[in-house]
Amino acid sequence: MKQIDLINIRHNSLDEARASVASSLEQRQQNYSLSAELYNDPHTFRIDMEEIFHKEWLFVGMTSEIPKKGDYFTVEIGQNPVFLVRDGDGNVNAFHNTCRHRGSVICTEHRGKVANLVCPYHQWTYDLKGNLLFAGTEMGKDFDMKKHGLKPAHCKTAGGFIFVCLGKDAPDDGFSDFLATLEEYMAPYDVENTKLAVESNMHEQANWKLVLENNRECYHCANNHPELLNTLLEWDDTNDPRAPQDFLDHYQSQADKWDAEGIPHKHQSFGSRQRNRIVRMPLKKNTKVMTIDGGAGCQKMLGRIKNPELGSMRILHLPNSWNHMQSDHFIVFRVLPISPQETMVTTKWFVHKDAVEGVDYDPERLRQVWDATNDQDRILGERNQQGINSIGYEPGPYSETFEYGVINFLDWYSDTILKHLKG
């Protein structure tokens, strides 16, 4: 068969898949899980990558991971390698990690420090703002280096968080308001004066949407997360319809202390379907942070924080992040799809930059609760995927009280995919 015929077949197949996904989402039963192909089909996965992970704002990391000029880290967004680097003016820049000569990856390590960015293939050299500095005389006297700088990605920072967007045009959908509030709510933590204490990367054999669905409810917590529930109260936020009066009283008691210290805590939501949300929630009484016994995780508290019982400020960013900000350390989570039924879940723990490992904190103690919780969630997600792959699966109903967060997520997902497919 001719090559052009094969290309046409592939294009027709993808067009048919786009039409099928749009039809499935338009006809889906409200407050029910999705049809199986939306969780396991390679064409659907490609559509998810192209219409969400290539076009929406994604959380990638924290500014304190690259504190000085020339510090960088890399991230893989599907088949798109990207790196984040701090330039000489203190700005964080995002670039596609591909040389403008023949496309080789430039930054080959996950983390590093450079004076300039040098492609290891033919030594094309770029500065920290992406400008091409050297390409060799072999390119000829008419070669224009100004036209061959690194390809940037949209990049924004707020409150120490770094977000990138790979699309030609970056959407807003309340994102600017979210960033402004994130800056305000994160100010007490002084993220620039924190450091990465420990990081984990977990491969979960499940579709990325199942990972997010599992995170958006605590319906499963009582029977699956004993370590987490030593400190965590299962109510999703202060607007949780299940929250009893004793929780609301506990929240108000803690909120009065937070107000006295000037610590922001009120629920804030932004964008369609509350895709971005910030709220500070108390932990169980007489616990400080999410350690196995609820005691301190680090002897140095963060920023200007004085109250060790700061609870957890929960930050949600769809499509790929949830986070817990506490008094002496904070934890960020990043979800990136790998294949239709494989997802990378990255967890990072941060402490005060002057905290000394083995003196002020023990990395194993910091990570104990969430290592256990992540692995428990991995098992749940993989079992969920296995069941959905069965010919006996059909979409099932969500609880509008216990699983309203899942409903919000899938409504956002459906709206976003349809908007892009029809745009």
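Figure 1. Helix α5 (residues 208-215) has 7 of its 8 residues buried, so the rest of the structure largely encloses it. Buried here means under 20% relative accessible area; exposed is over 50%, and partly exposed lies in between (1.4 Å probe, protein chains only). The buried residues of α5 are W208, K209, L210, V211, L212, E213 and N214. N207 caps the N-terminal end of the helix, with a side-chain oxygen 2.9 Å from the backbone nitrogen of K209. Helices (H or I, at least four residues) and strands (E, at least two) are DSSP runs, numbered from the N terminus.

The model is predicted: local features need pLDDT of at least 70, side-chain atom pairs count only at pLDDT 80 or more, and totals for chains, interfaces and linings use all residues. Residues are numbered from 1 along each chain as its sequence is written, and side-chain values use heavy atoms, with hydrogens and water left out.

**Figure 2. Confidence along the protein.** The average pLDDT is 95, and 97% of the residues score at least 70. Residues 1-9 fall below 50, and this stretch has 2 contacts in the model beyond near neighbours in sequence. The score is the predictor's confidence in each residue, from 0 to 100. A contact means heavy atoms within 4.5 Å.

**Figure 3. K348 in its strand.** K348 sits in strand β17 (residues 342-352). With a relative accessible area of 2%, K348 is buried. Its side chain makes a polar contact of 2.8 Å with the side chain of E65. Such a contact is a pair of N or O atoms within 3.5 Å; within protein, one must be able to donate a hydrogen and the other to accept it, and residues adjacent in sequence count only if both atoms are side-chain atoms. Leaving out residues up to four places away in sequence, K348 also touches others, including R111, E199, F330 and R334.

**Figure 4. The F330 and F350 pair.** The two ring centres are 4.9 Å apart and the planes meet at 15°, so the pair is stacked. F330 belongs to strand β16 (residues 330-339) and F350 to strand β17, so the pair ties together parts 20 residues apart in sequence. F330 is buried, at 0% relative accessible area. F350 also counts as buried, at 0%. Rings of Phe, Tyr and Trp (its six-membered ring) pair if their centres lie within 6.5 Å; planes under 30 degrees apart count as stacked, over 60 as edge-to-face and the rest as tilted.

**Figure 5. Further aromatic contacts.** The whole structure holds 19 aromatic pairs. In one of them, Y251 and W258 have ring centres 6.0 Å apart and planes at 80°, so this pair is edge-to-face. Both Y251 and W258 are buried. One aromatic cluster is formed by W57, F59, F161, F163, F175, F178 and F270.

Figure 6. A nonpolar core is a set of buried Ala, Val, Leu, Ile, Met, Phe, Trp, Tyr and Cys residues joined through side-chain atoms within 4.5 Å. The largest has 70 residues; L25, Y39, I77, L84, W208, W370 and Y413 touch the most other members. Helix α9 (residues 404-422) gives the most to this core, with 8 residues. Domain 1 (1-56 + 171-422) and domain 2 (58-165) each supply at least three residues to this core. A second, separate core of 36 residues includes F59, F163, F175 and M281. Domain bounds come from an automatic or database domain assignment. The C-alpha centres of the two domains lie 28 Å apart. Across the boundary, 33 residues of domain 1 are in contact with 24 residues of domain 2.
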